[in-house]
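I opened this notebook to record what I looked up in the structure. The entries follow the order in which I consulted it.

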Amino acid sequence: MKTATLTLYRIDDAQFAVRLLDEKQHAYFTSQPIQRTELQPLLAITQKNYRTQAPDLKQQGLDLFNWFNTQTQGHLAKLRQPPQALALRIDVELGINDLGLRHLPWELLNDGHAFWCADEIHLFTPLRIASAHQHEWQPAQRQLQLLFMASSPINLTPSLDFEAEEASILSATEKKPLVLQVEESGSLHGLEERLTEMEQAPDVIHISGHAEFPANSEPVFLLENDEGQLQKTNAHDLAKVLVATDRFPRLVFLSGCETGKSDLSREMLSFAENLVQAQVPVVLGWALPVGDFAASQTAAILYNRLATGLGIAESIAAARQYLLAKNSPYWHLLRCFTDHSELRPLVAKGKIRFIPPMVTEQAFLDAGNMIAVCKRTEFVGRRRLLQRSLRHLRAWYGNEAYAEGLLLYGMGGLGKSSTAARLLDRLTTTHFKVVHYGRLDETSLLTSLGRALKPEVYRLLNDQDKTLYERLHSLFTIENNLYCNKPLLIVLDDFEQNIPKSEREQGKIDGVHAYEVQSLQILHTVLEAIHYTKSDVRVIITCRHDIPIAAPYQLHKESLNSLRDADLNKKVQRLVGLQTASLEHKTQALQLADGNPRLLEQLNQVFLDKTIPVDELFKQLHSTAQSFREKILLQALLDAQVPSVRQVIALTALYRLPVPLAVVQTLNEDVQTLAYLVQGVKIGLVELNHEQGQAHYFVSNLLEHVLASELIKSERAFLPTKAAQILNEFWGESGSEAQRLEVVRLAIAGKLSTVAVEVGHRLAFTMRDQYRWHEAALLCQQILSLDEDFRILTTLAQVQQYLGSGAAAKLAIERAIVIATSVENLTDALRRERTLSFGAYADILQARGQLDEALRIRQQEELPVYQQLGEVREIAITKGQIADILQARGQLDEALYIYQNEVLTVFLDLREIGTTAVIYGRIAQIAEHKGELENALEIRQGRCLPVYQQLDDIYNLLFEQVYIALLLWRINAQQYQAQIQTLLATALTHAEHLQIPETEQIQALIQQLKLNPSS
C-alpha cells in the first residue's frame, strides 16, 4: 500500500499552507499561503453536519475532496493515479485550535465518482498523526499476540455482550496464527497484573466496553474496579499502567463509543489521541456512538488480517470494507491515530509453523465426560464468578486470596464443567491443563497426568519406590522441572461420582462421610503437594455437592447459580429454536428451565425438531423438563433431608429471585434458618449468590414439583401475602426493576392490592417511557386483575393507544376518569396524578379527531391545576399540547406563536434537549405546512436528528428519519433517492426492533416509493 502524507503547517498567525510528502517523507508540493478564515467552511463539516447517517455524507466527502484538491492544484487526486491502494497520513502542525482539521471526516473523501474508502480493489485508509514520536519494529516471526479485555460494570446499562465480541474474533481467526488472551477483570488493576506476568508486551491490546465524552469533563472509558463497580478511566490512567509495566503494545483498539472524538471548543483531545501522545504507536477508536455488532465484526476482520501478516493500514481498510459490504451505517466512524512510526505488519507473512493448543472442550471429552462442555464461542455469563475464581487461582502462596484449589458446585446442568473449561482457557498461557473425569484413585490420576504431559513423566509417575506425595511433589516443584515448563492446572470433573452410586440415587449426601475414603485421600495428597511446594499448580473441582477439606488446605468455593437478567438474555439469543418459537411456547420454556443452561439447550432442541406437531410442543417441553429433573435426582436429594431443611427450601422457593438471608429468616421465624440454608447449599438444592455484595439465596423453579407437598394447604394460602409484605420492606422503594417486579408478583398472589398498585404503578410508568409498551400493558393487566386503580388504567390506556388498540385505550381511560373523579380528599400528589389521567384522555380524544373536547380538557382540566401547583414544566407541556390541537385545526400562526414564545423558551431554560427537539419538530411541521420545505429540512437535520442520535432515543429517531426522508422526496426525489432509501431502511429496522404498529406503515411507504427495504 502506497503511503503519502498531507501536512498542514503554520506560516504565521493568519496563514498556513498544505504540503504533500512521498513515502520517504520528501516534500514534492507546497501550496500557496492560505488564509485561516478559509478554514471555517471545512471545520463546519465536523462541528455541525457530520453524523452517522447524515443525508449528505457523499456531499461532505465531495466538498472535502474538492477543497484540498484545489489547494494542492490537483495533486490530491493524482495520489490515486494510476489507481492504487493508498494510506494517507494527515499531519496537522498547527495550534490546538486548528486540530479540527485532523478530525475532518477523511474517511468520506469522494472524488465525485465514489468514496475512496469504498474501493474494494484499491484500498484507502486515512491515518491521523497525533504525536511526533517514532517507533521501529520488524514483523515478528510468530503468532499475533492479542490481549482482550472487556468491561461491563455492575448496574451499568445496557449490559455489554462482550462474549459475542470475543466469539467473533475467535471465529474469524480460527485457522489463523493468533493467540487470544483474555483479561477477565475489566479493570486497570487486572490489566496491570496481566501485563506484568507477560515476558513481553502483546502486539495488540483490545479494550471493549462503554465510553463517554461528557460535556463537562474529559473522555473516559467505563472500566471496573476490583469489586466490579464502575470506575471511570481516562487516557492518562491507562498510560500509567503501560509505563508501570513497561509493556507498550504496537496497537491499542479502544472499542467504545466516541473514543476517537475530540472537543476542541474545550481544547479536549480524544481518548485515542491522548494515548498516542503517551507513546502508543497506533490507537483505533470510534468517532461517534457505534453499534455493538458493527464494533465486534470490525475487530474480528481486523485481527484476521493482522494475523496473516497484512499491514495495519491494509487491515483497517479490510475491516471497513466489511462494514460497507454489510451496508452498516457505521463504516466511516472508525478512526486511526498514529505517531510517525512506519506502520509495518505486526507479524510476518507466510506460513508460520504453530501447533494450535488442544481445544479445551475436547480435553473434557477425552477425559471421559460424555456431556460436551460449552464451546468457547458460545459461553456466556458467569463474569463475576470467573473474576473471583481467577483472583484465587492466580494468587501466590501467602496472599490473602491464596487457595490450593477451586470448587465449583451446584445443581446439575448449571454449567460447572463449562465454567471450568473457560477458566482453563483463561489460564492457557500460564498453566498446562490436565483434565480428569469421574472417580479418583491413584491409578486414574496418574493416567490423566501421564496422558497430558511429556512421555518422560511416566518414569516419575511409575516410580513405586516413591509415595504418591513424593511423586507429585517432584512434579509440582517450580525449580528445574524436567517434566513441564509451566505449572499444572488440574481439573477433577464430576467429582460427585466419588459418592457411591446407591447413596447418590437415594440423595444421601452427608458431608465428608458421603465420599469414598480413597478419593478424599488422593485429593488431600494433591492439595498437600501443592501446599508444600508453594507452586502455582492449582486444582479445579466440579461437583454437585460441597466437599469438606481439612486445614491447612483450602478450596475457594463457588456455588453456581441459574442464569438470569442479561446473562439469560444472552444465552437465549444464541438458541435458534427458542428464538423462532412462538411467544407462548418460548415463555413456557423459559419458565420450565428457570435459567438452567443445560435444560435450556435441551428445550431448544425440542423446538428444532420439526417432526413434533405444534399442538404437541407443550407436552414435549414438560416431558423434557421432567426427564431432566429425574436425571439430576432432585426428589431423592430433597427426600433425604430433615423436615426443617425441606421447610426452609420450600419457603425460599416462594421467591423467584435470590433474596437476602433476612428475608428468609423473617418468613421462617426459626433461629436455625441459616444452618438449614447452608445445608441446602451444600447438597446443591439452594443456590448461594454473592453478586449483590451480600449472601442471597435462591431455589430454582425446577424444584416446584418436588416441593409441592412440603407446605400444608393453610400455609400456602397466607404465605404469599406475608412474603410480599416482607419483600416490599426490602425492595419496594429501592430495589432493581426485577426485584420490584417480584414484589408485585407476590403482592398479586397474596392479594395485597395497595402494594401491587403502588410499586407496579411506578414500574409501568417507567416501561411506558422506555417504549416497552407490551411489558407495561401486561403488568397493568395483571394488577387490574386484583383491583382497579385510575393510575394503572391510565398507563394501560396510553400503551394500548401506542400499540394501535384505540378502542381498548378509550374504554380504559374512560374508566380511569370515572374512578379518578370519585376520589375524595385528594393530596397534591393524587391531584397531579388525576390531572395526568385527564391529559391522557385528551391525547386519546385528539388521536380520534375529537379536537374540541380535547382542547377543553387541556384548557379547563389540566392547565389550571398545574398553574395552581406552580409546575412550570407541566404548564409548558400542556401549552405545547394546546398548540398541537391548534395546529391540527389549521391555526398555524397561533400554534407557532405558542411553540416559540411559551414552550420552547421554557425547555431551553430547563436544558431538556430531548423535549426541545420535539418542539423544534412541531415548528418544522408548521414550516412544512406553509410550504417552507428547505426551512423544515434544516430544522429537522440540525435541531432534531442529532439530539435523538445523541440520546439514543430510537423511537423519536426513527420518526425523524421518516420525516426527513419525506421532505427530501418532496424537495427532489431523484437527487436524494439514495439518502431517502437509507433513512427509511434504517427507520424500518428500528421500528421492527421496537415492535410498534408503525412498522407496517413504513413498509408500505417504502413500497409506495418503490425503494429496496434491505438497503
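**Entry 1: a side-chain pair.** I began with Gln387, whose side chain makes a polar contact with the side chain of Glu224 at 3.1 Å. I took a polar contact as a pair of N or O atoms within 3.5 Å; within protein, one must be able to donate a hydrogen and the other to accept it, and residues adjacent in sequence count only if both atoms are side-chain atoms. The model is predicted: local features need pLDDT of at least 70, side-chain atom pairs count only at pLDDT 80 or more, and totals for chains, interfaces and linings use all residues. Residues are numbered from 1 along each chain as its sequence is written, and side-chain values use heavy atoms, with hydrogens and water left out.

I placed Gln387 in helix H11 (residues 383-394). Helices (H or I, at least four residues) and strands (E, at least two) are DSSP runs, numbered from the N terminus. Gln387 counts as buried because its relative accessibility is 11%; buried means under 20% relative accessible area, exposed over 50%, and partly exposed in between (1.4 Å probe, protein chains only). Leaving aside residues up to four places away in sequence, Gln387 touches Glu184, Ser185 and Glu224, where contact means heavy atoms within 4.5 Å.

**Entry 2: the sheet.** I then traced an open sheet of 3 strands in the order E10-E11-E12, with antiparallel pairing. Strands E10 (211-212) and E12 (230-233) are the edges, each pairing on one side only. Two strands pair if DSSP finds at least two bridges between them; E10 and strand E11 (residues 220-224) are joined by 2 bridges. Ala211 stands opposite Phe221 in E11.

**Entry 3: helix H8.** I noted that 13 of the 16 residues of H8 are buried, so the helix is mostly covered. Gly309 follows H8 and has a positive phi, near 95°.

**Entry 4: cores.** I found that the largest nonpolar core has 218 residues, with Leu449, Phe476, Leu488 and Phe495 having the most contacts inside it. A second, separate core of 79 residues includes Val18, Leu104, Leu170 and Cys336. Such a core is a set of buried Ala, Val, Leu, Ile, Met, Phe, Trp, Tyr and Cys residues joined through side-chain atoms within 4.5 Å.

**Entry 5: cysteines.** With a disulfide taken as a pair of cysteine sulfur atoms within 2.5 Å, I counted 0 disulfides. The sulfur of Cys336 is too far for a bond because the closest cysteine sulfur, in Cys117, is 12 Å away. Cys117 is buried at 2% relative accessibility, and Cys336 is buried with a relative accessible area of 2%.
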